[in-house]
Amino acid sequence: MPLAEKSSATTGKNGSWVRAIRSDPTVQALQLATGRSRLETQFEPLCRSLGLTAQRREKFYANLMERDAKIADVQAATDAMDIGDDDNIMERLFREPMAACETAQRELLGEEGYRQAMEYLALAPAREMVRGLAVVATAAGVALSSQQMEQLVPLLRGPVGRSGADAFMVLENLDWTRLDASVRTVLTNEQFALFQRSEPSLRSSPSRFMRPLEQLIDRAREADAAEDAAKALPKRPSG
């Protein structure tokens, strides 16, 4: 069946609630209103580091907001065609706005500025992890110093997935044994114990404890499926 002919009456791969939220004009307006604030929170340190003028900052943020608006349009269109977020088609459709944003930012920042921006993005997840650990450590009475926080960021950098303007760290592939050994050189005994007990991870990816749990669940499901398949096989006649 052609994509455009798929029925919108069905629940859909993304679920009726996802589709309803994405198509709600109030939600879309809220997303636009909060978009600039979110971007400034994430990228203002980078803009200061690059020494961008007010005019160039506006263009920097405008490029990102245009990208996000086009991605939202793609999501709305694919929802109408019942294409799930994990579908390969989604990835292909996202490439155009992502590539356009990458080109615009490269032209704005120059090659060296763009290189620094990519390095900043690659370290952004590690900074989030350090902030999370800092909150836990402060609450436990063993606060991190600013020097410790600066030292931890490069140590916590992990494998990065997807190149270009939307690079992200792949927490599933983090080597926690290696990270523990590196972090141990920076933290006190009390702080390191917190690091091992808590989950200074990202909201968007499995963490130190969740990933092994998910792997156990996956293996259990595979074992159940194999057992069910074995039971379904016709029995050989005896004798």
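Predicted model: local features only at pLDDT ≥ 70, side-chain atom pairs only at ≥ 80, totals over all residues.
Q: How are two packed helices described?
A: Two packed helices are described by the angle between their axes and the distance between the axes. Axes are lines fitted to C-alpha atoms, for helices over the stretch in contact, and angles run from 0 to 180 degrees between N-to-C directions. Here helix H6 (residues 176–184) packs with helix H7 (residues 189–197) at an angle of about 160°, and their axes are 10 Å apart. That makes the two helices H6 and H7 roughly antiparallel (angles over 145 degrees count as such).

Q: Which residues of H6 and H7 meet?
A: Contact means heavy atoms within 4.5 Å. From H6, Trp176, Asp180, Val183 and Arg184 meet Asn189, Phe192, Phe195 and Gln196 of H7. The residues of this contact divide into four nonpolar, two polar and two charged (Ala, Val, Leu, Ile, Met, Phe, Trp, Tyr, Cys and Pro count as nonpolar, Asp, Glu, Lys and Arg as charged, and the others, Gly among them, as polar).

Q: Is Cys47 buried or exposed?
A: Buried means under 20% relative accessible area, exposed over 50%, and partly exposed in between (1.4 Å probe, protein chains only). Cys47 counts as buried because its relative accessibility is 1%. Cys101, at 3%, also counts as buried. Buried residues make up 33% of the 239 residues in the protein.

Q: How many disulfides does the rule count?
A: A disulfide is a covalent bond between the sulfur atoms of two cysteines. The rule asks for a pair of cysteine sulfur atoms within 2.5 Å, and the count comes to zero.

Q: Where does Lys70 lie, and how far apart are Lys70 and Glu96?
A: Lys70 lies in helix H3 (residues 54–80) and, at 38% relative accessibility, counts as partly exposed. Lys70 and Glu96 are 26 residues apart in sequence and 9.2 Å apart in space, C-alpha to C-alpha.

Technical notes: Residues numbered from 1 in each chain as written. Heavy atoms only, no water. Helix = DSSP H or I, 4+ residues; strand = E, 2+ residues; numbered from the N terminus. Parallel < 35°, antiparallel > 145°, perpendicular 65-115°, else oblique.
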